[in-house]
Amino acid sequence: MIAIILAGGKSSRFGSPKALATIEGEVFYEKIIQTLNQTNLFEKVVISSSDDLKDSFNNYQDIVVDLPEYENNGPLGGIYSVMKKYDTECYFVIACDTPKITEKAISYLYQFFISRVMEEQLDIAGYEVDGKKMPTLAFYSHRVEQDIKDALDQEEFRMKKIYQNKPSQWLNVEFVNDPTNWYQNINYIEDLEKNEL
């Protein structure tokens, strides 16, 4: 099983690459890698990056640059590029702007996914908050690879296109029983400043 950290976006709302921002003295992507490794679930943790940012990760070994034909195609381009390079049964996808993710939250979602993947042929399991699905905080079966490629080839870059057409289930973040906002996306400098208080 492979974890994919999506870190190739332009971060236009944030003003600088979010993956390289810091929270509580830790760099976002490094904090996420550490949490992912602590779960002992993943054989590899891969950073999905753009060509522009690929040299920004302190010589981290497992970086996949978006395939040329799918660069600047958002999360789907990054996910597909990693799937093409690394074949495995399932992938965990997390955006680089979710640095407060916890080991508990990842493990809980994994158990939810695995318990349904065989019996119900589930392809996607992710979190949702206030009814809003979070496809960049989700497990994906290898069976979605062709669907992602088809969407990209049709220039359909919304992740909704994938999860609406594949068996998917969404777990409310409240099930994790953690009072912190571990699932929060940090999109703006103001979000970061609030978290640093």
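This is a predicted model: local features need pLDDT of at least 70, side-chain atom pairs count only at pLDDT 80 or more; totals for chains, interfaces and linings use all residues.
In which hand does H2 cross H4?

**Stop 1: the largest nonpolar core.** Select Leu36, Phe42, Phe92, Tyr127 and Phe139. Within this core of 39 residues, these five touch the most other members. Now colour the elements that each supply at least two of its residues: strands S1 (2-6), S4 (44-49), S6 (90-95), S7 (124-129) and S8 (132-141), together with helices H1 (28-38) and H3 (103-117). H3 gives the largest share of the core, seven residues.

Next, centre on Leu36. Beyond its neighbours within four places in sequence, Leu36 contacts Ala3, Ile5, Phe42, Val45, Phe92, Ile94 and Ile106.

**Stop 2: the other core.** Select Ile79, Val82, Ile148 and Ala151. These are among the 25 residues of another core, which lies apart from the largest one.

**Stop 3: H2 against H4.** Show helix H2 (residues 74-85) and helix H4 (residues 145-153). Their axes are 10 Å apart, and the two helices pack at an angle of about 135 degrees. The pair therefore counts as oblique. The opening question is settled here: the crossing of H2 past H4 is left-handed.

To see the side chains involved, select Leu76, Gly77, Ile79, Tyr80, Met83 and Lys84 on H2, then Glu145, Ile148, Lys149, Ala151 and Leu152 on H4; the two groups meet in this packing. Colour the selection by class: the contact has seven nonpolar residues, three charged and one polar.

Notes:
Residues are numbered from 1 along each chain as its sequence is written. Side-chain values use heavy atoms; hydrogens and water are left out. A nonpolar core is a set of buried Ala, Val, Leu, Ile, Met, Phe, Trp, Tyr and Cys residues joined through side-chain atoms within 4.5 Å. Buried means under 20% relative accessible area, exposed over 50%, partly exposed in between (1.4 Å probe, protein chains only). Helices (H or I, at least four residues) and strands (E, at least two) are DSSP runs, numbered from the N terminus. Contact means heavy atoms within 4.5 Å. Axes are lines fitted to C-alpha atoms, for helices over the stretch in contact, and angles run from 0 to 180 degrees between N-to-C directions. Angles under 35 degrees count as roughly parallel, over 145 as roughly antiparallel, 65 to 115 as roughly perpendicular and the rest as oblique. A crossing is left-handed if the near helix is turned anticlockwise from the far one by less than a right angle, and right-handed if clockwise. Ala, Val, Leu, Ile, Met, Phe, Trp, Tyr, Cys and Pro count as nonpolar, Asp, Glu, Lys and Arg as charged, and the others, Gly among them, as polar.
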